[in-house]
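Here is a short report on a protein model.

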Amino acid sequence: MFRRPPTPVATLSSVLLAAAPAAGQIAFEPPVSIPLPTPHVPSSLHLADLDGDQRLDLVVTGRSTDGLLYILRGAEDGSFLPPEAIELGFPTDAAASGDFNGDGHVDLVLVARTQIGRLIELPGLAGGGFGTPELVTIEREPRSLCLADFDGDGAVELAATNYGSNSITTAEIGPEGIQPFDHLTIGREAVAMCFPQETHAGDLDGDGVPELVVPAIGNGRLQIMRFAAGSLAVPNPTGIRTPAVGDQHAALTTAGLFDLDGDGDLDAITPAILLGQSQVIVIYRNDGSGNLLDRSLVETSFIGFAWCATAADFDGDGRVDLVAGMALPGMIVVRRNESTDLPGGDLVYGFPMPIFEGSFIRDLAIGDLDGDGDPDLVAVDISSHTVHVFRNRSGEGGLAGLEDPVTAGGKRSLSASPAADRDAGRGPLVDRNLDGLLDARDVAIELADWMPPAAPAAKEGSR
Amino acid sequence: MSGRRRALLATAVCASTSSALAQWAPCGAGAGDCYKPHPDGGCIQTACCELVCDYEPLCCEAAWDEVCVEAATELCVGIACPNPGSCLEPHENPGCDDESCCDFACLLDRFCCDVSWDRLCVERTELLCGLGPCAIEVPDDAIPEGEFCYERVNDGCSLTEPAWGSLAAGLTIVGKWTTNGPRDIDSYRLVGPIATVRFRPEFPGQLVLIRGECEGAIEVLAVTTTSPCTEAELPIALQWTGDPTLTLVVSGGTIRGELRRAFACNEIDPENPPSPDDPPPPDPPFERRYLLAAESICAAADLDGDCVVGGADLAILLANWGTDNPLGDLNGSGEIDGADLTLLLANWG
């Protein structure tokens, strides 16, 4: 069941081996790796200029019981200074930023991934420090949040996913702090537990009101919610399934919104897991009206599991490239956009280019770290507690790609089963979404809950 | 597990086997805290009390002393109903003082009984307190759902090969919903013009109206929830009628979430019968049947939804002649025949 057929990843890697990039090729400097204090169990990245020095700083949330949040200030060379700890007392899973209280300083808002789920607002202070956190309880085990003006009142609001409650929370966030507005249970129409993992906001249909996009890893659907004009009530969702591949549907994990085909509207991507086949990124192309049913698959790697993905025009050719972060093992794979008929034509990607091999790439972030005008890449490995910074050197020389571990002869042996690549000692696959089937969605849920073997459990029953 | 706990558990299992149905009068409301010594026998948590008294009858017959407390500590892990604290107020300890309310809330959210009774537990309790088992009256002409609870016949898009039941105006379906092996949902495609659907479950029920193909986009159009034996009415908007993918999904839940446990199937799968040694499944807190009825604003014989019974309707009926298609089976006999034709002609015009 787990045997994987050969894919272009394996055959191309030798071509890419440590070669200087040619024109039109994507290349990064060798990564700068910044270990985080343990046991932080880093879970997500957020890039923002927190202190007003015109350099991007990095917020690293974490799931360990120490309840610390780490901030890495941007360094002059495009890397980061050593991590600064902020004591929150709760494991966190996502962060966003903005001047919510209107005092001119950048504030942070985070989700505490606990059974008594909380939103945490950290008020920014002059100089980039933070004041006392303010807490608001929401539902069970929130895992993500996003900010947008959902009700069209000119101010940003907040939407969060409650993984343990299968629900979405909306909240006002402003000078009066965080005020939850509505909760809605989603996924009631399916046997499977819904498990909403992430949330993103974007105006898919061009009506000026952002939609909420939520990958529900339990029922394998990308849930899209369209807010009614002037309302912050959570709307009923519309769900789109990942495409069928043979006898299985890819199990989506996370998501992102980007204009991949240059036609002016937002498309969606979800990295997705297939058992026994290459891992993929699912592309949902927008027809301009918010309809994302035009779906296609882009392969990433045939080892590990697809966990996270993002997109940016790394090589400056006006086309948006894809990058995927894998789990167990944690490859980072780039797919260069080589489409020739954009906007609107077919999306064509170059061969998968592995640029890094870690253990479990839990999140990716894009930003111009060194101020040279091109997007750089930041990755975090939950297993090695390390942030990796990849400065973009496309067209300037640098590391173009890594040797593929499968074809590298002795560097690493690939087990016949990706299940065996997971940490030793875990039991067999179980029906995590309670739908009566053992499939890729159960693997996705297992990865969503995955902790490094040595990490202690988080407080209040957080997984 | 400590040696003492192993010994306690072993003794308790033996004791339970020998007196499995023993009912200890001092157990339950009005008795003392299971985790504090008190002069009277018994303690407030019925399940815990019975377990301890099966092990040491003196805990019910005499006083609830230190030995009983120790036994409770060892044997009653996970039992939190009832516990000190109002069900209507958040408090630090798990469980609350109204056993049935507490049990119901923990069906929705184990956190309430495992860790702490927080605001969400209070919200769940408010929806379920005071409710008890009840029975619906099943009309003689109600059509059985056609799915044993150990089967997966009408679970819609949740099936590898999707399948649905169907519901047409004028028909009433009696079905059963359960949570084990795996959780059941019952999906019905709406056939023909339907103005309203009436839903009456014996359990806290949820009715979801969706449309769309399984691949997507599946759009949730409406969700309604109702208490046991209380009828919910779901209007079907005119713009939705005629969509062949319009589907009703029945399962258990409240406005605060879904029910996903405790409603065991009570039918025996002949191909996979339980072992004689298996204990029977526990009784659910509510019964499992429901009624789902569809009404049309038009005459029942108006098969094409134009509110006029005419040649087009006759053509539909004849096209389905001899089949069991609900669209045309006007008398719900399970077959389209002369009786249905008579009904159509009687409503002509």
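Helices (H or I, at least four residues) and strands (E, at least two) are DSSP runs, numbered from the N terminus. His385(A) sits in the loop between strand 28 and strand 29 (386-390) of chain A. The model is predicted: local features need pLDDT of at least 70, side-chain atom pairs count only at pLDDT 80 or more, and totals for chains, interfaces and linings use all residues. Residues are numbered from 1 along each chain as its sequence is written, chains are lettered from A and ligands numbered from 1 in the order in which they are written, and side-chain values use heavy atoms, with hydrogens and water left out.

**Backbone**

Most residues other than glycine have a negative phi, and most peptide bonds are trans. His385(A) has a positive phi of about 55 degrees and is not a glycine. His385(A) is buried, at 10% relative accessible area. Buried means under 20%, exposed over 50%, and partly exposed in between (1.4 Å probe, protein chains only). Phe195(A) also has a positive phi, near 50 degrees. Phe195(A) lies in the loop between strand 13 and strand 14 of chain A and is buried, at 6%.

| Cis bond | Omega |
|---|---|
| Thr38(A) to Pro39(A) | about 0 degrees |
| Gly216(B) to Ala217(B) | about -5 degrees |

Pro39(A) belongs to the loop between strand 1 (32-35) and strand 2 of chain A. Ala217(B) belongs to the loop between strand 6 (205-211) and strand 7 of chain B.

Chain A contains 3 helices and 29 strands. It has 463 residues, and 62% of them count as buried. Contact means heavy atoms within 4.5 Å. Of the chain A contacts with a separation of 6 or more, 54% come from residues 24 or more positions apart.

Asp376(A) is part of strand 28 (residues 376-381) of chain A. It is buried, with a relative accessible area of 0%. Its C-alpha atom is 5.7 Å from that of Ile366(A), 10 residues away along the chain. Beyond four places in sequence, Asp376(A) touches residues including Asp368(A), Asp370(A), Phe390(A) and Arg391(A).

A nonpolar core is a set of buried Ala, Val, Leu, Ile, Met, Phe, Trp, Tyr and Cys residues joined through side-chain atoms within 4.5 Å. The largest such core has 56 residues; Ile273(A), Ile332(A), Ile355(A), Leu377(A) and Leu447(A) have the most contacts inside it. Apart from it lies another core, of 41 residues, with Tyr188(B) and Phe286(B) among them.

On a 1 Å grid over the protein atoms alone, a cavity is a set of points where a 1.4 Å probe fits but cannot get out; a pocket is an open set with protein on both sides within 12 Å along at least five of seven lines; lining residues have an atom within 4 Å of a point. Grid points are joined across faces, edges and corners, and a volume is the space filled by probe spheres set on the points.

The largest pocket holds about 850 Å³. Its lining has 35 residues, with Leu45(A), Glu198(A), Thr199(A), His200(A) and Asp363(A) nearest the centre.

The count is 1 cavity of 30 Å³ or more. The largest cavity holds about 50 Å³. Its lining includes Arg188(A), Asn236(A), Val220(B) and Val223(B). Strand 13 (177-185) of chain A and strand 7 (218-226) of chain B each supply at least two lining residues.
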